[in-house]
Each structure stands twice: as C-alpha cells, then as structure tokens.
Amino acid sequence: MGMNSTPGLETVKIQNVCVFCASSSRAPADYMEAARELGGILAREGWGVVYGAGGAGLMGRLADGALAAGGRVCGVIPEFMLEMEWGRQDLTEVEVVDTMHRRKARMLERADAVVALPGGCGTMEELLEAITWKRLSLFSGPILLVNTRDFFAPLMEQLRRAVDQHLMNDRHRDIWRSVKHPGDVPRALRTFPPWPENARHFAAL
Ligand code: AMP
C-alpha cells in the first residue's frame with residue numbers, strides 16, 4: 001500500500017497502471033507538467049507504469065517523472081516505432097510487439113487500471129478502445145481521465161450524448177470517471193466503482 005493511501009477506502013487492487021497520453025513534443029507546458037507529476041505520483045504509490053514507450057511529449061515526461069521517483073516503467077512498442085527511434089532505452093522493461101493492435105492489447109492485459117491524459121488521435125483511440133473493451137467485459141478496471149484545463153469535456157459530452165440517445169446503456173456511464181488533477185488519481189482509482197461481472201449482459205441494451 002502506498003504512503004498516500006487512505007485505509008478502508010480500497011475497493012480496487014492495483015499493481016500496474018496503463019497511461020495513454022500525447023506523443024507531441026509541442027504539447028502545452030501545463031500538460032507536460034501534469035504528465036511528469038502523474039509519473040511521480042504513480043511511482044510513489046508503488047504502482048508500475050505501462051505505456052507506449054515513447055520518449056517525446058507527455059509520454060516522455062510521464063516516464064521521466066516515474067523513473068525519477070524510483071518507479072517501474074514498462075513500455076510496449078511496435079517494431080516499426082523502435083526502428084524510427086521513437087522508443088526510450090532507459091525503461092525498466094521494453095516489450096516489442098508486431099502491430100499497434102497488439103500493443104494496445106498488451107498494455108491493457110498488463111494493467112489493472114487506465115489513466116488518460118490529454119492527447120491526439122492516438123490517445124483518444126486507445127482510450128475509446130479501453131472503454132469499448134470494458135463495456136464488453138474484456139477489461140474491468142478503472143478508466144480515469146485527468147481533465148487538465150477541461151481537455152476532455154467535449155469527449156465526455158459526446159459519450160453522455162451516446163448514452164442519452166440510447167446508443168449506450170445508462171450503466172455505461174460508470175465505465176469512466178474524471179479528475180481535475182494528477183494528485184487526485186490515487187484516491188479516484190482506489191475508490192472507483194467495481195465493474196459488474198455480468199456487464200456483458202447489458203453491453204448491447
Ligand atoms: P497521440 O495522442 O496521437 O500523440 O498518440 C499517442 C500514441 O500514438 C502513442 O501511444 C503511440 O501509439 C503513438 N505514437 C505516435 N507518435 C509517437 C512517437 N513519436 N513515439 C511513440 N509513440 C507514438
């Protein structure tokens with residue numbers, strides 16, 4: 001148990017957290033800082049970080065923060081990105097995979113929870129796949145959006161609209177949650193509502 005944990009609140013046991021975030025080195029400075037901060041926070045909780053192994057942008061800052069705090073960082077990266085030299089060499093572990101699809105699958109398989117920071121289409125498709133998999137009970141852990149400067153407001157509005165128009169079930173609103181700051185992440189993950197084992201039964205209703 002990490003030093004910031006609150007006894008009695010644990011509902012979800014976490015060892016590894018998968019983080020999706022921007023690879024852009026031109027991302028706003030406060031987003032970069034949030035990524036570095038999150039890395040440090042996860043490491044101090046004793047939680048391993050699983051991410052896409054990139055060195056640039058928020059991805060790189062996340063790894064910087066976690067490694068500087070003595071954390072474990074595992075990167076999962078497809079061969080072609082390694083060939084482009086987009087991967088970091090100084091991680092605790094690097095898992096090389098064949099395809100982007102395999103990478104996403106492995107990141108979710110290795111993690112007990114997902115956290116998303118601001119990002120581009122890559123981050124959003126990773127996040128939406130995690131949400132989709134949870135709807136189908138292929139992944140059951142917490143999915144948390146760190147909503148720095150309200151970045152995720154339109155995406156959450158879009159998801160709410162899908163629920164309101166009965167394209168998703170009302171209960172699917174519990175798939176994801178958001179917090180304002182990286183510092184809110186440990187408590188939010190620990191107290192995340194458990195996902196029902198029978199979720200597949202209302203996946204299509
Ligand atoms: P985005 O949010 O669009 O920057 O996408 C982040 C995701 O895109 C990462 O998880 C990777 O799948 C991929 N990606 C794009 N560019 C890079 C890069 N330079 N290094 C590592 N991963 C990258």
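Start at the ligand and select Cys121: one of its polar backbone atoms is 3.4 Å from an oxygen atom of the ligand, a polar contact (a pair of N or O atoms within 3.5 Å). This is a predicted model, in which local features need pLDDT of at least 70, side-chain atom pairs count only at pLDDT 80 or more, and totals for chains, interfaces and linings use all residues. Residues are numbered from 1 along each chain as its sequence is written, and side-chain values use heavy atoms, with hydrogens and water left out.

Next select Gly120, where a backbone N or O atom lies 2.7 Å from an oxygen atom of the ligand. At Glu126, a polar side-chain atom lies 2.8 Å from a ligand oxygen atom. The protein buries 84% of the 480 Å² that the ligand exposes when taken alone (accessible areas by the Shrake-Rupley method, 1.4 Å probe).

Now show the 15 residues around the ligand (a heavy atom within 4 Å of it). Ser23, Arg103, Gly120, Thr123 and Glu126 come nearest.

Move on to the largest nonpolar core, which has 36 residues. Such a core is a set of buried Ala, Val, Leu, Ile, Met, Phe, Trp, Tyr and Cys residues joined through side-chain atoms within 4.5 Å, where buried means under 20% relative accessible area. Val19, Leu58, Val115, Val185 and Leu189 touch the most other members.

Select Val185 and look for Leu38, Leu42, Val115, Leu144, Val146 and Val179, which Val185 touches, not counting residues up to four places away in sequence (heavy atoms within 4.5 Å). Apart from this core lies another, of 29 residues, including Ala111, Leu155, Trp195 and Phe202.

Notes
Buried means under 20% relative accessible area, exposed over 50%, partly exposed in between (1.4 Å probe, protein chains only). A polar contact is a pair of N or O atoms within 3.5 Å; within protein, one must be able to donate a hydrogen and the other to accept it, and residues adjacent in sequence count only if both atoms are side-chain atoms.
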